[in-house]
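I wanted to look up the salt bridges in this model. My notes follow.

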Amino acid sequence: DRSISQIRESGNFKFDELIIRLSYKAKTFIHGLFSSIFPVSSPEMLDIAINKELELFIQFPWLLSFETKTSVLSHHFRKAKGPYYDEMCGFDPSLKLKYHIRRDFIVADSKRQLELHLKQYPDTKLSLIQYRIEFSQEEGNDAGGLRNEWLNLLCKELFDPKYGFFCSSENGISVQPNPKSRIISDYLSYYTFAGYMIGYAIANSLTIPVNFTRSFLKLLTNREITLSDLSDIDQQLMKSLDWMTKNSIEGAMDLEFSYELDYFGKRYLINLSDDEKTKIVTEQNKKEYVKQLVFHQLLKDIEGPINAFKEGFSRVVNTEYLKLFSATDMDKLIAGEPTINVEEMKQFAQYEGYDVSSPVITWFWEVVSTFDQEMLSSLWFFVTGMSRVGPGGFKKLPLKITNPGASDEDLPLSHTCFATIDLPEYSTKEILLNKLVLAISEGKEGFGMS
């Protein structure tokens, strides 16, 4: 019967740990409850339920599991296409876009051809466009695999910091718009194009090899940014500002409501207050100073690129639905699972001409289980044209292994449109290892007709 404060203060009871565990159990229970009432296999029921209480779920997105959210989003895109989408694409030229791509100019060719298509068909719903990809001087029949490879390679280049549109975060992994990109001609149109490509990937349950900063993902879904988000781009500054908010600065700091912006070696003083004359930071106004500095660092300096990106993105994705997703959810939705689980891959794998006890299949899983994450990513790219596993995991897109016959000479052959690998019936595990590694290393980019 002791009060909560007495339990906490006794030191014999890990109260905070209990709260975390109870919260986790409550969350798990609620996810299970929703799954039983509105199973993921019935996304229509989920869509109706969530639309009725959309504001509630937006306010408390943790009520829904990630699988439930992605199921509802997928249903939303299927509903937008309608039951006669494939027939429509057969006679409506605005919904079909055949890309002729030179690998060395993949961004320029892709952007130019999309803009020409939209100039010809300005009212086209971008989420409905069907792409057919042809790489210059390569044979290939695109049933989805070429499109996957094209999207991966395009985004790798478009979001690479060396091209100037995006810059790396302090951890060197995630990216966000580069405030210095304005020196590039017509730079905002590239952000609109980038936003569209991310939206297209989400609409088609495709993953791309890019991680955005947490603050950028929050801004994309119109969520409030906080001081902790600053750690993405300047960990030291975030720690200094955090110290300011928790300690008295009287006599300890001499700051003004401004900050210096370095623009290609030239330094500019940016005023953070509405007053013409820069004011001094005091104990009374320090929280406002921190708020304004975070706002400028994370939003104001890249406001143009962010708005352009959101313009392209929102032409494909209804951003109301994305309010269901946290920044972590958004990262998984865009980039897929950060690691590849071999056991899960094996669990959902399908076989044709083999069974789970076939010697070649046993050797295959023994070999693959020795791969590091980089090699596993290369394997998945070889098989699907995507380097990461998308929402729904291997349950949604299982690996299929077929038997093309016995041969110690032939390499494994992939059919990326169907996540299928033709694995010859090799005579030894060593031959399988050598042939598989060679195929992954040499054949993960480029298409030819076998």
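**Salt bridges, notebook**

I started with a network: salt bridges link Arg 102, Asp 109 and Arg 112. My rule for a salt bridge is a side-chain nitrogen of Lys or Arg within 4 Å of a carboxyl oxygen of Asp or Glu. I counted 14 salt bridges by this rule.

The model is predicted, so I kept its limits in view: local features need pLDDT of at least 70, side-chain atom pairs count only at pLDDT 80 or more, and totals for chains, interfaces and linings use all residues. Residues are numbered from 1 along each chain as its sequence is written, and side-chain values use heavy atoms, without hydrogens and water.

I looked at Asp 109 and Arg 112, whose side chains form a salt bridge at 3.1 Å, N to O. Both residues sit in helix H7 (residues 106–120), three residues apart, about one turn of the helix. I took helices (H or I, at least four residues) and strands (E, at least two) as DSSP runs, numbered from the N terminus. Asp 109 is buried at 2% relative accessible area. Arg 112 is partly exposed at 41%. The cut-offs are under 20% for buried, over 50% for exposed, and partly exposed in between (1.4 Å probe, protein chains only).

**Across the chain**

Next I checked Lys 400 and Glu 352, a salt bridge with its closest N and O atoms 3.1 Å apart. This pair links distant parts of the chain, strand E8 (residues 400–402) for Lys 400 and strand E7 (residues 350–352) for Glu 352, 48 residues apart. Lys 400 is partly exposed at 25% relative accessibility.
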